[in-house]
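Please keep the sequence and the model in view while reading.

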Amino acid sequence: RHEVVAFMLDMVDYTPDRDLSETTIVEPSCGTGEFLYEIITRLQKSSMRFGFDFNNAFHKCVCAYDIDLCKIQLCTNKIKELFPQLSSIEKRIRCNDFLLTELSPVDIVIGNPPYIRYEEIPIDKRELYKSIFHTFHYRADIYIYCFLRKHSVC
C-alpha cells in the first residue's frame with residue numbers, strides 16, 4: 001500500500017524536502033514498482049526544490065532489481081508513462097537476483113523483500129545461496145537473506 005511505502009521512505013529520510021541528488025537507493029525486488037514510483041516521485045520533487053537535473057540524479061542514484069522480467073516490463077512501462085522525461089529507464093531496472101549481484105555501496109536499500117520458502121527455491125539456487133550465506137538452512141525464508149545482503153552494501 002502507498003501509505004506503507006511512504007512511511008518507510010519517511011523513516012529512512014528519503015524525503016523531497018532534502019537534496020536527494022547524491023543519495024543512492026536500491027530496491028532489491030521491485031516487482032511492478034510501488035516503491036520505485038514513490039522513490040522517483042520524491043527524487044523529482046527534490047530536483048525541483050534544489051535545482052539539480054532529475055534525469056542525471058535518477059541514473060546516478062536509483063537502481064532496482066527483480067528476477068521476473070514480466071514485472072520489470074510492467075514497472076518500466078508505468079515509469080515511462082509517469083515520468084516521460086527520464087531516459088533509458090531500462091538501464092536502472094535490472095533483471096537480476098539481488099542476492100547474487102555484485103553491488104557497490106549504497107546509502108539505502110528499501111523495498112518489500114520476496115517471501116519464498118526454502119523448499120520452493122530451486123536446488124541449484126539453494127546451493128549457490130548456501131555458498132554465499134553460511135546461515136542459509138532448512139526452513140529459512142529468502143527475505144532473511146535480503147536483509148543480510150542489505151547490510152553488506154550499506
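A salt bridge is a side-chain nitrogen of Lys or Arg within 4 Å of a carboxyl oxygen of Asp or Glu. The model is predicted, so local features need pLDDT of at least 70 and side-chain atom pairs count only at pLDDT 80 or more, while totals for chains, interfaces and linings use all residues. Residues are numbered from 1 along each chain as its sequence is written, and side-chain values use heavy atoms, with hydrogens and water left out.

The structure holds six salt bridges. In one of them Arg 1 pairs with Glu 3, the closest N and O atoms being 3.2 Å apart. Arg 1 is exposed, with a relative accessible area of 73% (buried means under 20%, exposed over 50%, partly exposed in between, with a 1.4 Å probe and protein chains only).

Asp 10 forms a salt bridge with Arg 42, with 2.8 Å between the closest N and O atoms. This pair links distant parts of the chain, 32 residues apart: Asp 10 lies in helix α1 and Arg 42 in helix α2. Helices (H or I, at least four residues) and strands (E, at least two) are DSSP runs, numbered from the N terminus. Asp 10 is partly exposed at 37%, whereas Arg 42 is buried at 6%. Asp 10, Glu 38 and Arg 42 are linked in a network of salt bridges.

Helix α2 covers residues 34-50. Its buried residues include Phe 35, Leu 36 and Glu 38. The elements against which the buried residues of α2 pack include α1, α3 and α4 (contact means heavy atoms within 4.5 Å). Just after α2, Gly 51 takes a positive phi of about 75°.

Conventions: The expected span of a helix is 1.5 Å times one less than its number of residues.
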